Amino acid sequence: THVVTEACIRCKYTDCVDVCPVDCFREGPNFLSIDPDECIDCAVCIPECPVNAIVPEEDVPGDQQHMIALNAELSRGWPSITKRKAPLPDADDWKDRTGKLPELQR
Ligand code: F3S
């Protein structure tokens with residue numbers, strides 16, 4: 001599967017959802033997750049994300065390993081998103097921040 005890492009939190013640019021051929025993105029209040037049961041590892045979403053939040057599972061950095069299980073968990077409870085929408089209003093203020101996990105809303 002591919003994994004959405006913390007960079008997405010409080011940004012949610014949604015460029016990724018338009019290109020996914022299997023509609024595997026799920027939407028929360030300030031983060032998108034990838035449903036690992038649906039992702040086919042095509043990788044077309046990777047270059048779409050302006051904050052490079054999406055990585056193949058095998059390339060998830062050590063400090064983002066918790067995001068693998070979190071994408072699976074959150075995807076079970078969140079609705080599908082298949083059409084791009086406006087990013088969160090202060091996305092540009094948050095895009096270069098790290099350690100955003102405490103900001104994640106469920
Ligand atoms: Fe998030 Fe990047 Fe998609 S910020 S919504 S993973 S384009």
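Asp15 is buried, with a relative accessible area of 13%; buried denotes under 20% relative accessible area, exposed over 50%, and partly exposed the range in between, computed with a 1.4 Å probe on protein chains only. The model is predicted, so local features need pLDDT of at least 70 and side-chain atom pairs count only at pLDDT 80 or more, whereas totals for chains, interfaces and linings use all residues. Residues are numbered from 1 along each chain as its sequence is written, and side-chain values use heavy atoms, with hydrogens and water left out.

The side chain of Asp15 meets that of Arg84 in a salt bridge, at 2.8 Å from N to O. Because Arg84 lies in the loop between α2 and α3 and Asp15 in helix α1, this pair ties together parts that are 69 residues apart in sequence. The term salt bridge denotes a side-chain nitrogen of Lys or Arg within 4 Å of a carboxyl oxygen of Asp or Glu. Helices (H or I, at least four residues) and strands (E, at least two) are DSSP runs, numbered from the N terminus.

A search of the whole structure finds eight salt bridges. Among them is the pair formed by the side chains of Arg10 and Asp90, with an N to O distance of 3.3 Å. Arg10 is located in the loop between β1 (2–4) and α1 (15–19), and Asp90 in the loop between α2 (66–77) and α3 (91–94), so the contacting pair ties together parts that are 80 residues apart in sequence. Arg10 also forms a salt bridge with Glu103, where the closest N and O atoms are 2.8 Å apart. This second pair links distant parts of the chain, 93 residues apart: Arg10 in the loop between β1 and α1, and Glu103 in the segment after α3.

Arg10 counts as partly exposed at 23% relative accessibility, Asp90 is partly exposed with a relative accessible area of 25%, and Glu103 counts as partly exposed at 29%.

Helix α2 may be considered next. Its 12 residues, at 1.5 Å a residue, should span 16 Å, and the end C-alpha atoms are 18 Å apart, which agrees; the expected span is 1.5 Å times one less than the number of residues. Within α2, the residues Met67, Leu70, Asn71, Ala72, Leu74 and Ser75 are buried. The elements that cover these buried residues include β1, β2 (25–27) and β3 (32–34), where contact means heavy atoms within 4.5 Å.
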